Amino acid sequence: MKSILIFFICILLFLSPFYVQGMGLRGGLLKDEIFFEPGLERTYSYHFATNAGFTQDYEGYVRMHDSAVDLTPYVELSQYYWEDVPTGAQMSFSATLKLPDRLDTPGIYEIRPGITETQNKGGGAMGVRTAAEGRIIIIVLHPDNFIEAEFSAPNANVNSSTKFTFFVRNLGEPDVNIRGKVDIISVDSPMILGVTNTETVLVPSTHEQYIRAPFNTTGLKPGSYKALATLFWGNNISRFNKTFHVGTKNVVLKEYTKDFRTDAINKMMVTVESGWNDKFKNVYANVRVFDEIGQVKKEFRTVSTALNPWNSNIIEGYFDTAGFSPGIYDASIAISFDDGSNFHDVQFNISETAKSIVVDAIPEDTIKEDNIWITILLVAVVVLLLAVAGLLILMLKRR
């Protein structure tokens with residue numbers, strides 16, 4: 001069932017550009033990132049495909065994206081206007097970049113050559129005009145030491161090894177030596193619980209580098225910690241502060257339904273949360289409800305779920321209260337996860353006025369899962385048929 005669904009989705013994703021896009025820009029290099037060189041020249045070949053549904057004009061333009069420095073005079077399009085372009089046509093053009101002999105302001109500048117429709121879809125002030133753009137990114141180096149840096153502190157498990165990572169990009173003209181240091185502290189206390197360092201690495205101008213500081217979590221209890229990182233580059237310092245978690249192989253019971261209606265099949269919602277840095281494949285809850293003398297009066301289990309690292313999920317079960325009188329009942333919830341489990345003593349309130357969710361019958365797990373996949377599959381098939389119909393109409397219009 002799942003493989004069939006994936007097959008239909010792949011076909012849908014393949015056909016969707018033909019069906020839903022108003023226009024699209026294609027070319028051998030839609031995004032180019034280059035370091036400034038005096039007098040550098042480059043030509044970019046593009047073509048745009050239209051799917052407006054009617055004949056119209058298109059116009060080309062060049063703009064800057066999030067930049068106070070205007071480099072648009074250094075890009076020229078081979079054509080700026082197209083008249084009476086039918087839907088489904090593919091129109092070619094090029095953009096030529098000619099940089100000046102010097103640019104005095106260091107930084108990263110993004111030039112966007114683009115094409116836009118001249119008529120609104122839907123008409124009026126609320127209509128939409130589709131546009132498509134290429135990206136030409138110019139990097140002007142700083143004359144002195146200058147870097148861009150990032151720091152990541154991944155979650156880890158108890159008694160395991162991890163690596164803190166610095167990412168450095170040298171945007172200065174000189175080569176630069178870099179090294180990193182990481183202090184580990186509790187989120188509640190400034191006391192240093194561990195220290196780790198990277199090696200010293202030379203990063204040449206225009207290059208980027210990952211440097212890592214290994215760390216073993218042995219001695220740290222499960223919980224949250226802060227990584228206070230210092231990056232030394234040349235005579236400069238950059239600081240970072242990241243929170244990370246050290247986990248133990250456990251699934252925590254966060255919330256659960258406590259109130260149930262008498263003589264009804266009640267839906268029970270159980271919220272579980274992972275405290276582990278790896279994925280749990282099979283998590284479920286086994287529920288027992290006891291009578292006045294401590295004997296098991298009712299037992300049921302929820303559906304199973306996978307649980308991603310540090311995430312939470314809601315799993316569902318069904319409690320049939322037939323034969324239960326109104327009152328407070330002792331119960332236990334056992335959370336099972338892969339090769340482990342934990343137990344929680346709880347109490348349930350059963351009453352005639354409980355605002356719980358009730359159903360007519362307890363659904364089978366497999367039927368429930370199949371129904372979900374069947375629904376998704378049917379929706380995918382309908383959308384696929386619409387996409388195929390749109391493609392056929394487009395092909396007929398082209399002919």
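Guide: One definition comes before the labels: a residue is buried under 20% relative accessible area, exposed over 50%, and partly exposed in between, with a 1.4 Å probe and protein chains only. This is a predicted model, in which local features need pLDDT of at least 70 and side-chain atom pairs count only at pLDDT 80 or more, while totals for chains, interfaces and linings use all residues. Residues are numbered from 1 along each chain as its sequence is written, and side-chain values use heavy atoms, leaving out hydrogens and water.

Visitor: What makes Glu273 and Lys254 a salt bridge?

Guide: A salt bridge needs a side-chain nitrogen of Lys or Arg within 4 Å of a carboxyl oxygen of Asp or Glu. The closest N and O atoms of Glu273 and Lys254 are 3.9 Å apart, so the pair qualifies. Glu273 belongs to strand E22 (residues 265-274) and Lys254 to strand E20 (residues 251-256), so the bridge ties together parts 19 residues apart in sequence. Strands (E, at least two residues) and helices (H or I, at least four) are DSSP runs, numbered from the N terminus.

Visitor: Which side chains meet in a salt bridge at 4.0 Å, N to O?

Guide: Those of Lys267 and Glu316. Lys267 lies in strand E22 and Glu316 in strand E26 (residues 312-320), so this pair ties together parts 49 residues apart in sequence. Glu316 is buried, with a relative accessible area of 17%.

Visitor: How do you know that Glu110 and Arg112 are buried?

Guide: Glu110 has 10% relative accessibility and Arg112 has 16%. Buried means under 20%, so the label applies to each. Their side chains meet in a salt bridge at 2.7 Å, N to O. The structure holds 11 salt bridges.

Visitor: What is the count of secondary structure elements in the chain, and what share of residues is buried?

Guide: The protein chain has 2 helices and 29 strands. Buried residues account for 40% of its 399 residues. Contact means heavy atoms within 4.5 Å. Among contacts between residues at least 6 apart in sequence, 67% join residues at least 24 apart.

Visitor: What makes a set of residues a nonpolar core?

Guide: The set must consist of buried Ala, Val, Leu, Ile, Met, Phe, Trp, Tyr and Cys residues joined through side-chain atoms within 4.5 Å. The largest such core has 29 residues, and those with the most contacts inside it are Phe48, Tyr58, Phe93, Leu97, Ile111 and Ile138. Elements giving two or more residues to this core include strand E3 (41-50), strand E4 (56-65), strand E7 (90-98) and strand E8 (107-117). Apart from it lies another core of 26 residues, among them Val251, Val287, Ile333 and Ile350. Leaving aside neighbours within four places in sequence, the contacts of Ile111 include Val62, Leu71, Val75, Leu97 and Ile138.

Visitor: Why are E1 and E5 said to stand at the edges of their sheet?

Guide: Two strands pair if DSSP finds at least two bridges between them. The open sheet has 4 strands in the order E1-E3-E7-E5, with antiparallel pairing. E1 and E5 each have a single partner strand, so one side of each is left without a neighbour in the sheet.

Visitor: How do you know that E5 and E7 pair?

Guide: They share 3 bridges in the antiparallel sense, and at least two are required, so they count as paired. Val75 has Leu97 in E7 as its bridge partner.

Visitor: Which strands form a hairpin with 5 residues between them?

Guide: E14 and E15 do. Strand E14 (residues 176-186) and strand E15 (residues 192-197) pair in the antiparallel sense over 5 bridges. The partner of Asp183 in E15 is Val195.

Visitor: Why is Asp66 called exposed?

Guide: Its relative accessibility is 72%, and exposed means over 50%. Asp66 sits in the loop between E4 and E5, and has a positive phi of about 50° although it is not a glycine. Trp310, also not a glycine, has a positive phi of about 65°. Trp310 lies in the loop between strand E25 (305-307) and E26. With a relative accessible area of 22%, Trp310 is partly exposed.
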